[in-house]
Amino acid sequence: MPKQSAAQTIGPYFAICLTPEIWGMEGIASNTLRRSDTPGEHIRIEGRVLDGEGVAVSDALIEIWQANAAGRYRHPEDDREELALDEGFTGFGRCRTDADGAFSFETVKPGRVPGQGNRLQAPHVSLIVQARGMLSHAFTRFYFSDEEAANEEDAVLASVEAARRPTLIAARSETPDGIVYRLDIVLQGDEETVFFDA
Amino acid sequence: MDEKLYTARDWNLHPPYLHEPYKSTVLRSPRKALVPLPETLSELTGPVYGHDALKAGDDDLTMNARLNGEPLGERIIVTGRVLDENDRPVPGTLVEVWQANAAGRYHHPVEQHDAPLDPNFHGAGRVVTDAEGRYRFTTIRPGEYPWPNHDKAFRPAHIHFSLFGPSFITRLVTQMYFPGDPLLPIDPIFLGIPDEEARERLISKFSLAETVHDWALGYEFDIVLRGRKATPREA
């Protein structure tokens with residue numbers, strides 16, 4: 001049987017293909033996942049990517065994957081027909097970090113989806129983090145700070161040692177521009193983000 | 001505990017985050033142990049992009065950015081199959097590719113290497129695999145180029161590949177290399193792969209069968225994604 005092809009770094013130049021907006025081109029996805037009429041709470045998810053010395057990582061690619069507000073993924077594996085999909089909402093977004101290491105996504109807050117044993121998970125988005133200097137991609141998740149009760153009973157959060165859980169929980173704030181959830185991704189060090197062996 | 005459907009990421013084959021000869025890994029490598037993640041719908045689903053994600057010409061990098069003529073360099077055809085670990089084809093999956101031009105220059109503002117840009121070459125393409133998992137695109141053979149990692153550091157010629165596969169956890173970003181490249185045995189990124197055979201599998205093979213008479217040399221490059229261990233759950 002064939003073996004898994006090995007990963008290699010995304011390198012510094014992926015934007016020409018994966019986030020080509022600055023060349024006036026369209027990629028398959030951008031950092032705007034929702035339309036003005038997409039159901040659910042409209043939110044912005046933002047943060048910075050930092051290296052082991054706290055320096056901005058200005059050439060990272062952040063990809064997010066999430067359910068819609070009803071808690072349904074647009075994918076054949078999620079066959080819960082009773083939950084509507086939303087036209088124009090794929091649940092996938094891409095953002096290249098800027099000179100300050102900053103990324104942001106305009107999206108909707110995802111609904112709860114089932115986890116193991118059909119227990120509901122707390123609302124979350126799944127992320128893949130890549131950059132020059134990362135030979136393999138890294139998986140993490142963003143949870144939401146105002147979902148305290150749901151977070152408390154989430155099996156994945158519970159599997160993470162309590163001291164490191166805050167690296168997975170984005171802080172909600174209400175700004176003149178709308179609702180923002182903010183969380184930095186720290187690649188290394190004391191505040192290192194929890195990355196998963198997914 | 002539910003049985004996992006997918007095989008794990010094989011860390012005997014994938015490069016570790018820290019590989020000191022590749023200097024940028026030193027401060028960008030997670031050091032704490034990865035936390036095991038169960039397979040939930042969040043992992044078993046993933047972005048679905050098929051033929052509707054493609055535009056005409058996406059599979060021909062020699063055509064898709066022309067301003068006033070043909071791009072310079074050696075025209076090549078790159079083709080292969082996307083398979084899973086059970087040797088089954090992965091059909092209908094998006095393959096995104098990007099690369100330097102023939103002179104070894106990327107069409108990117110961060111790239112400051114003193115080599116010419118080609119006004120007729122951007123260096124990005126997309127294809128979707130067919131029912132047999134096969135993809136095929138036409139491009140220009142990319143040049144080698146210097147990078148600041150160490151004295152006289154040059155990257156071997158390569159094409160970047162990005163794939164999703166059937167779920168979020170089958171995602172793979174890798175690079176395709178060319179046979180006989182003298183830079184491969186000294187490239188810290190290539191050598192970051194811990195297994196020699198796994199390294200060899202990232203080197204494409206020259207293919208006379210895929211070569212088109214009077215037009216372009218052919219290279220074959222198969223890609224293997226994580227597979228499902230057992231039969232999928234069927235109703």
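In which order do the strands of the open sheet of four in chain B stand? I read the order as β4-β3-β8-β9, with antiparallel pairing. β4 (124-128) and β9 (172-177) of chain B are the edge strands with a single partner each, so each has one side without a neighbour in the sheet. From one strand to the next, the twist averages 25°.

Some housekeeping for my notes: this is a predicted model, where local features need pLDDT of at least 70 and side-chain atom pairs count only at pLDDT 80 or more, while totals for chains, interfaces and linings use all residues. Residues are numbered from 1 along each chain as its sequence is written, and chains are lettered from A and ligands numbered from 1 in the order in which they are written.

My terms: strands are DSSP runs (E, at least two residues), numbered from the N terminus, and two of them pair if DSSP finds at least two bridges between them.

Next I looked up β3 (residues 94-99) of chain B, which pairs with β4(B) in the antiparallel sense over five bridges. There, Trp98(B) has Ala124(B) as its bridge partner.

Then I turned to chain A. Strand β6 (residues 138-144) has seven of its seven residues buried (20 or more other C-beta atoms within 10 Å of the residue's own, with C-beta atoms placed from the backbone). Both faces are covered, with Phe142(A) among the residues on one side and Arg141(A) among those on the other.

I also checked the neighbours of β6(A). β5 (residues 124-131) pairs with β6(A) in the antiparallel sense over six bridges, and Val129(A) has Ala138(A) as its bridge partner. These two strands form a hairpin with six residues between them, and Gly133(A) in the turn has a positive phi of about 90°. β7 (residues 169-175) runs parallel to β6(A), joined by two bridges.

Conventions:
A residue is buried if 20 or more other C-beta atoms lie within 10 Å of its own, exposed if 12 or fewer, and partly exposed in between; C-beta atoms are placed from the backbone. Axes are lines fitted to C-alpha atoms, for helices over the stretch in contact, and angles run from 0 to 180 degrees between N-to-C directions.
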